[in-house]
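Biologist: I have a list of labels here, and I would like to hear what stands behind each of them. Please show me the model and begin with handedness.

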Amino acid sequence: MKKTIALLTAGAACLLFACGGKQKRAESERIPEYVLTYAENQPEDYPTTQGAFYFARLVEDRSDGRIRIQVKAEGEMGAERNVVEQLQFGGLDFARVSLSSLGDRIPKLNVLQMPYLYTSSEHMWRVLEGEIGADFLDSFQDFNLVALSWYDAGARNFYSSRQPIEKVEDMKGMKVRVQDSALMERMIQLLGAIPVPLDYDQVYSAFQTDEIDAAENNWPSYESMNHEEVAGYYTKDEHSRVPEVQLASRVTWERLTKEDQEMIRQCAEESARYERTLWEDRSRNSEEIVRRNGCVVIELSPAEKARFQAAVTPIYHEFCKNYMDIIERIKEEGRLLEQEEAEP
C-alpha cells in the first residue's frame, strides 16, 4: 500500500512538473496578436539598427508578447524613399529614416536640414527635445505617418578620393554623391560641385569607377562601409546635422488601442535615448579606426568654415522662405546656449 501511494505521489509530481514545463513553453511561444515589420537600411551592428532591436524588445516585453516587431536591416525592405511610400499605404509598419528622404514630401522638414544651421550637437538636441522639435513631430500627421522619436545621426562631413577638400575652391567641378534630395543637390551646386544622386550601397563602387570624386556622411557610415579604402581624405566641416526619425504607418497605428499606442511611443522614446548613447560611442570609435587606417583628416579653420557657410546661404530662402521664423527661433536657441555655457 505504501509503495502504491509513493508511486502515485511521484507520478503526480512528474505530471505537475510536465504541466509546468509545458505552461512555461506555451508562454514563451505565445502566438502574438500582431507581427509587425520595421525597416532599417543600416547593418545590424549600427547604432540605429541596435536602437531598432531595442525598441522591438521593449514593445514585446511590455505587451507580454502580444506585439512582435521584426526588424529588417541592411536595406532588405528597399531604399528609404520606397520604405516611406510603403509606410504611407500600410505595406510596412515601422521604419527609421533620414529626414533627407522626407523633405521633398514634407517641405517644412527642410528647415531641420539647412546646412550649418546648428553650432553644435548640444544646440541640435536643445531644439529637437523642446517645443520646436515636438511641433516638427506633429507635422507628419497629414502624410499618413506617425512620428515617434528622433534618432541621432551625427554631423555629416565631406570626403574625397583624388584630392583633399581644404577650401571652398577645392569643391569646384567635383562629382559629389548625394542622397535623393533636391535640397542636397542644390547645396552641392552652390559649392561649385556636381551632385550625383546615388543609393547608399552604390557609393563604394562609384568611387572605384570614378563615377564620383567625393561624398558626404558621418563617421560611422564612412567607417562601416569601408569608404576610407576608396576615399581617403575626410574634411570635418560639419555642414549638416540631419536628425533621423522613427516612424509608424498611420494605417498600422489606427489598428492599435490607445493604450498600445502610448506604450509604443514610450518604447520609441526610450530606444532613442539608448541609440543616442550608442551613437556617441560608435562615432568616437569610428573616427579612431579610420585615423589608424591612414585616413587624412582635414580640420577646417573657423574662417574657412564660414566661407562654406556663406556659399550656401541662398539655400535658406530657396527652400525655407515660408519658415524663416522657425529658423530664427533655432538660431536664437543657439545664442541662448552659448550664453549659458559662458556663464561662470
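Modeller: Gladly! A crossing is called left-handed if the near helix is turned anticlockwise from the far one by less than a right angle, and right-handed if it is turned clockwise. The crossing of H2 and H10 is right-handed. Before we go on, this is a predicted model, where local features need pLDDT of at least 70, side-chain atom pairs need 80 or more, and totals for chains, interfaces and linings use all residues. Residues are numbered from 1 along each chain as its sequence is written, and side-chain values use heavy atoms, without hydrogens or water.

Biologist: What makes a stretch a helix or a strand, and how many of each does the protein have?

Modeller: Both are DSSP runs numbered from the N terminus: helices are H or I with at least four residues, strands are E with at least two. The count is 13 helices and 11 strands. The C-alpha trace spans about 100 × 50 × 45 Å along its principal axes.

Biologist: Why is H2 called roughly antiparallel to H10?

Modeller: The two helices, H2 at 47-62 and H10 at residues 258-292, pack at an angle of about 150 degrees, with axes 8 Å apart. Roughly antiparallel requires over 145 degrees (under 35 is roughly parallel, 65 to 115 roughly perpendicular, the rest oblique), and therefore H2 is roughly antiparallel to H10. The axes are lines fitted to C-alpha atoms, for helices over the stretch in contact, and the angles run from 0 to 180 degrees between N-to-C directions.

Biologist: Which residues make the contact between H2 and H10?

Modeller: Contact means heavy atoms within 4.5 Å. Tyr54, Phe55 and Leu58 are among those from H2, and H10 brings residues including Tyr274, Leu278 and Trp279. By class there are 12 nonpolar, four polar and four charged residues. Nonpolar covers Ala, Val, Leu, Ile, Met, Phe, Trp, Tyr, Cys and Pro; charged covers Asp, Glu, Lys and Arg; the others, Gly among them, are polar.

Biologist: At what angle do H5 and H13 pack?

Modeller: H5 (residues 131-138) and H13 (residues 324-342) pack at about 145 degrees, with axes 11 Å apart. Glu131, Ile132 and Phe136 of H5 meet Ile326, Arg329, Ile330 and Glu333 of H13. That contact has four nonpolar, no polar and three charged residues.

Biologist: Now to single residues. Why is Ser63 called buried?

Modeller: Buried means under 20% relative accessible area, exposed over 50%, and partly exposed in between (1.4 Å probe, protein chains only). Ser63 has 1% relative accessibility, so it counts as buried. Its place is the loop between H2 and strand S2 (67-72).

Biologist: How do you know that the side chain of Ser63 has a polar contact with the backbone of Ile67?

Modeller: The rule asks for a pair of N or O atoms within 3.5 Å; within protein, one must be able to donate a hydrogen and the other to accept it, and residues adjacent in sequence count only if both atoms are side-chain atoms. A polar atom of the Ser63 side chain lies 3.0 Å from the backbone nitrogen of Ile67. The backbone oxygen of Glu60 is 3.3 Å from a polar atom of that side chain.

Biologist: Which side chain makes a polar contact with that of Ser149?

Modeller: Gln246, at 2.8 Å. Ser149 sits in strand S4 (residues 145-151), and its 4% relative accessibility is why it counts as buried. A polar atom of its side chain is also 3.2 Å from the backbone oxygen of Ala268.

Biologist: Why is Asp210 called partly exposed?

Modeller: At 37% relative accessibility, Asp210 falls in the partly exposed class. It lies in the loop between helix H7 (203-208) and strand S8 (214-217).

Biologist: What makes the phi of Asp210 worth a look?

Modeller: Most residues other than glycine have a negative phi. Asp210 is not a glycine, and its phi is positive, about 65 degrees. Tyr116 also has a positive phi, near 60 degrees. That residue is in the loop between strand S3 (94-98) and helix H4 (121-128), and at 8% relative accessibility Tyr116 counts as buried.

Biologist: How much of the protein is buried?

Modeller: Buried residues make up 49% of the 344 residues. Of the contacts between residues at least 6 apart in sequence, 76% join residues at least 24 apart.
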